[in-house]
Amino acid sequence: AVHPHQVHPPGRHGGRGEEREEAGADGVVAQTLDVGGGDGRQDVLLLEPTVFGDDRGFFFEAFNHRRFEEIIGRQMNFVQDNHARSAKGVLRGLHYQVRQPQGKLVRVILGEVFDVAVDVRRGSKTFGKQVGATLSADNKHQLWVPQGFAHGYVVLSEYAEVIYKTTDYWAPEHERCIAWNDPTLAIDWPFQGEPTLSAKDQRGEAFAGGQFHTRNPRQLAAN
C-alpha cells in the first residue's frame, strides 16, 4: 500500500510513494501520488498553488478551471461545493458512491487533516491501493481524488474546516462506506487511540466484501 504521511518538495521522492510533478506557467505544481497505474487521467494529484504574500497577508488562485483541465488532461465539471467543520480526532470516511461516482477536489481552510484516497475500481491495476497526504491551511495543498476512489480524512488540529468540490451530486442511496480500520487496507492513520465517528461511519463495511465499481477504470475516467 502507498500512504505517504508527508508531501515531499517537488522533484523529490518519498519513502512511501513515488511522486512526479508538473509545473504550469502560473506556478501551480501538480504532484502525482503513484496509485493510478500511470494514466494521468486516473491519477490522484496533489496540487500546490503559488502563494503571493507580503505584510498585508497573502493571495493565491484556489481554483482555475482551465488550468485544472490542463493538469488532469480531460474536461471536468464540478456541480457542488461542500464545507465541513470538525474537531480533533474526527474521522470522516471512507466514502464512495457505487453509482454517480464523485471526483473530489479537497482543500483545508482552517487547521490540518490527513486525507486518504483508496482505489475501489474493480479491474484497475491498483485496486485496493491507497495514498494519503497532509492538507492544511498553512500548506494550502489540494488533493484531487478522481471518480472511482473512496475518500476519507482525520482531523489532526484542534479544529479543521475542509471544503471540496464534487463532480456529481450526493446520492445517499448509492453511497457506501469502508471501515476506517479495515485490516485489508491497513491504513497508517497518523494518530493514537480511537477516532470520533458518525453513526454511519461506525457501520463501515469490510473492504473484502464491499460493493465496488465494476466499470472499466478508463470509462470512469472519461466521465
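Modeller: Helices here are DSSP runs of H or I with at least four residues, and strands are runs of E with at least two, numbered from the N terminus. By that rule the protein chain has three helices and 14 strands. This is a predicted model: local features need pLDDT of at least 70, side-chain atom pairs count only at pLDDT 80 or more, and totals for chains, interfaces and linings use all residues. Residues are numbered from 1 along each chain as its sequence is written, and side-chain values use heavy atoms, leaving out hydrogens and water.

Colleague: Why is the pair of Phe 127 and Phe 212 called edge-to-face?

Modeller: Rings of Phe, Tyr and Trp (its six-membered ring) pair if their centres lie within 6.5 Å; planes under 30 degrees apart are stacked, over 60 edge-to-face, the rest tilted. These two centres are 5.4 Å apart with planes at 75 degrees, so the pair is edge-to-face. Phe 127 is in the loop between β9 (112–119) and β10 (130–136). Phe 212 is in the loop between α2 (199–202) and α3 (217–222), 85 residues apart from Phe 127.

Colleague: What makes Phe 212 count as buried or exposed?

Modeller: Buried means under 20% relative accessible area, exposed over 50%, partly exposed in between (1.4 Å probe, protein chains only). Phe 212 has 5% relative accessibility, so Phe 212 counts as buried. Phe 127 has 27%, so Phe 127 counts as partly exposed.

Colleague: Where does the charged end of Arg 85 sit?

Modeller: Over the ring of Tyr 159, 4.5 Å from its centre. The rule asks for NZ of Lys or CZ of Arg within 6 Å of the ring centre and within 35 degrees of the ring normal. Lys 140 lies over the face of Phe 58, at 4.2 Å from the ring centre.
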